[in-house]
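Colleague: I have not looked at this one before. Can you walk me through it?

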Amino acid sequence: MTTANLANMGRDLAAIVEAAAEVILPFWRTELDVVRKADESPVTEADKAGERLILARLAERFPEIPAISEEHASEFGTPDAIGPRFFLVDPVDGTKAFVRGDPNFTVNIGLIDNGVPVAGAICAPATGEVWFTSADGVLKREGPDGAEAKVAARSWPDGQALALVSHTMKEERAAELAVQYGFSLRAPMDSSIKLVRIAEGAADIYPRHGPTMEWDTAAGHAILVAAGGRFTTPEGEAFTYGKADQGFRNGWFVARGA
């Protein structure tokens, strides 16, 4: 497959994340049982239900491509090796926000090809928004029947650059990052929705100096780059995937607009 053909898989992935969102949304703002995983991160029945649907749909639509998904990996461990092409799935990214009743949680599927995210789709169930890659860039719609519009990252606005940061980031750390990266404004936000907000030109930078997993970032990485943005290490080097020897853990990264 060509790179453009792979990017076009984003449309199929969009339909799958939208279907998963329909399964997940009824659990939102209800009395959910929250279980703590080994790393102390939360998991709910919504995560599990969304994952079951996504993995079944991926196996049906793309039986030749393996998938690594957060909750399955948490329970059974990550594979010791993976081929050059595979999916990374996060059925509910931003589970803490989901449990709090906040709207900034997402459903993510990213396709990796030789270490590079080449296609992806992200749905925000609370708003119905979905972003996905195509051969022509990134498309966004609100709901499965919504009109599609092309979105793109914006140029850096001097003096008005907006950074999206974690809710838990301390003030002094945020101030240090502002000096390091040159942004003037910041807003707290959960989950990979930060990446698609940059991809659609609503924000400018997301510096992450902390732990994440590959399934947290793959879809958003693919979408951001397809929209004209950048996703690199803090030193500006390529950010790669398929790190089976590291349990698919990420290092620090910086996501930027155009």
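This is a predicted model: local features need pLDDT of at least 70, side-chain atom pairs count only at pLDDT 80 or more; totals for chains, interfaces and linings use all residues.

Colleague: Fine. How many helices and strands does the protein have?

Modeller: There are eight helices and 14 strands.

Colleague: And what does the C-alpha trace span along its principal axes?

Modeller: About 50 × 45 × 40 Å.

Colleague: What percentage of the residues count as buried?

Modeller: 53% of the 258 residues do. On contacts, taking those with a separation of 6 or more, 64% are between residues 24 or more positions apart.

Colleague: Now the inside. Which residues have the most contacts inside the largest nonpolar core?

Modeller: Leu 88, Trp 131, Ile 198, Ile 223, Phe 231, Tyr 241 and Ala 255, in a core of 33 residues.

Colleague: Which elements each supply at least two residues of this core?

Modeller: On the strand side they are β4 (85-93), β6 (116-124), β10 (162-165) and β14 (253-256). The helices are α7 (193-199) and α8 (214-226). Apart from this core lies another, of 32 residues, with Trp 28, Phe 87, Leu 111 and Phe 132 among them.

Colleague: Back to Ile 198. What is it in contact with, leaving aside neighbours within four places in sequence?

Modeller: Ala 153, Leu 164, Ala 203, Asp 204, Ile 205, Tyr 206, Leu 224, Ala 255, Arg 256 and Gly 257. Ala 255 is also on the list of residues with the most contacts inside the largest core.

Colleague: Change of topic. How much space lies in the second largest pocket?

Modeller: About 280 Å³. Its lining has 20 residues, and Val 116, Pro 117, Val 118, Ala 222 and Val 225 lie nearest the centre.

Colleague: Which element gives the most to that lining?

Modeller: α8, with four residues. The elements giving two or more also include α1 (3-8), β6, β7 (129-134) and β13 (230-232).

Colleague: How does the lining divide into nonpolar, polar and charged?

Modeller: 12 residues are nonpolar, eight are polar and none is charged.

Colleague: Last one, Asp 113. Is it buried or exposed?

Modeller: Asp 113 counts as buried because its relative accessible area is 16%, and the cut-off for buried is under 20%. Asp 113 lies in strand β5 (residues 106-113).

Colleague: What is Asp 113 in contact with, again leaving aside neighbours within four places in sequence?

Modeller: Leu 6, Pro 84, Arg 85 and Val 118.

Terms used
Residues are numbered from 1 along each chain as its sequence is written. Side-chain values use heavy atoms; hydrogens and water are left out. A nonpolar core is a set of buried Ala, Val, Leu, Ile, Met, Phe, Trp, Tyr and Cys residues joined through side-chain atoms within 4.5 Å. Buried means under 20% relative accessible area, exposed over 50%, partly exposed in between (1.4 Å probe, protein chains only). Contact means heavy atoms within 4.5 Å. On a 1 Å grid over the protein atoms alone, a cavity is a set of points where a 1.4 Å probe fits but cannot get out, and a pocket is an open set with protein on both sides within 12 Å along at least five of seven lines; lining residues have an atom within 4 Å of a point. Grid points are joined across faces, edges and corners, and a volume is the space filled by probe spheres set on the points. Ala, Val, Leu, Ile, Met, Phe, Trp, Tyr, Cys and Pro count as nonpolar, Asp, Glu, Lys and Arg as charged, and the others, Gly among them, as polar.
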